[in-house]
Amino acid sequence: TTTTTTTSSTTVLNHIFYSDFNMVGYEVDFLGKVLSNTNARRYSTALSPSASIATFFSADVFDCLIECDAIFRCKGAFVRLVGGSTECHLLHDLGNDVGTATLIESISLRKVDYYTTTSTTTTTTT
C-alpha cells in the first residue's frame with residue numbers, strides 16, 4: 001500500500017482561516033480564492049500603493065497583525081500567499097464596503113477597536 005500526501009497552499013490557508021481572529025482584535029471582511037468560496041473578494045485598495053503603509057513577508061497571518069497593531073493608523077491587513085510564503089499588506093485605507101473580485105488566495109482583515117473607554121459622570125444635587 002502506497003499513501004501519497006499532497007499539501008498545497010490552499011490547505012495552509014484553510015487552517016489559517018479557521019483561526020479565531022476576533023480573539024486578537026480583527027474581523028474577516030473578505031476571503032479570496034480559498035476553500036469553496038464562490039464569491040472571492042478582497043479589499044478594493046489591497047494592492048494600491050496610496051493605501052499601503054507597508055508590504056512585507058511574514059511567518060504567518062498573526063505576525064502580520066502584530067505589526068498592524070503597532071501602527072496606530074493601520075486599519076487592517078490584506079494577506080496573500082505568494083509562492084507558498086505569506087505576504088502582508090498593512091493598509092490605512094480599506095476601500096469600499098463591497099471590495100473587489102479576486103482570483104488571489106487571500107484574506108482581508110479589519111482591525112476592531114475593543115479598547116474603547118467609556119466614562120460616566122453622575123451629579124446629584126440636594
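I looked up C88 and found it buried, at a relative accessible area of 0% (buried is under 20%, exposed over 50%, partly exposed in between, with a 1.4 Å probe and protein chains only). The model is predicted: local features need pLDDT of at least 70, side-chain atom pairs count only at pLDDT 80 or more, and totals for chains, interfaces and linings use all residues. Residues are numbered from 1 along each chain as its sequence is written, and side-chain values use heavy atoms, with hydrogens and water left out.

I then checked the partner of C88, which is C64, with S to S at 1.8 Å (a disulfide is a pair of cysteine sulfur atoms within 2.5 Å). C64 sits in helix α2 (residues 61-69) and C88 in strand β5 (residues 85-91), so the bond ties parts 24 residues apart in sequence (helices, H or I, have at least four residues and strands, E, at least two; both are DSSP runs numbered from the N terminus). C64 is also buried, at 0%. I noted 55° about the S-S bond, a right-handed link for C64 and C88.

I counted 2 disulfides in the structure. The other joins C68 to C74, with S to S at 2.0 Å. I noted -105° for C68 and C74, a left-handed link. C68 is buried at 0% relative accessibility, and C74 is buried at 2%. In sequence order, I read the pairing of the bonded cysteines as 1-4, 2-3.

Last, I checked confidence: the mean pLDDT of the protein chain is 82, and 75% of its residues reach 70 or more (pLDDT is the predictor's confidence in each residue, from 0 to 100).
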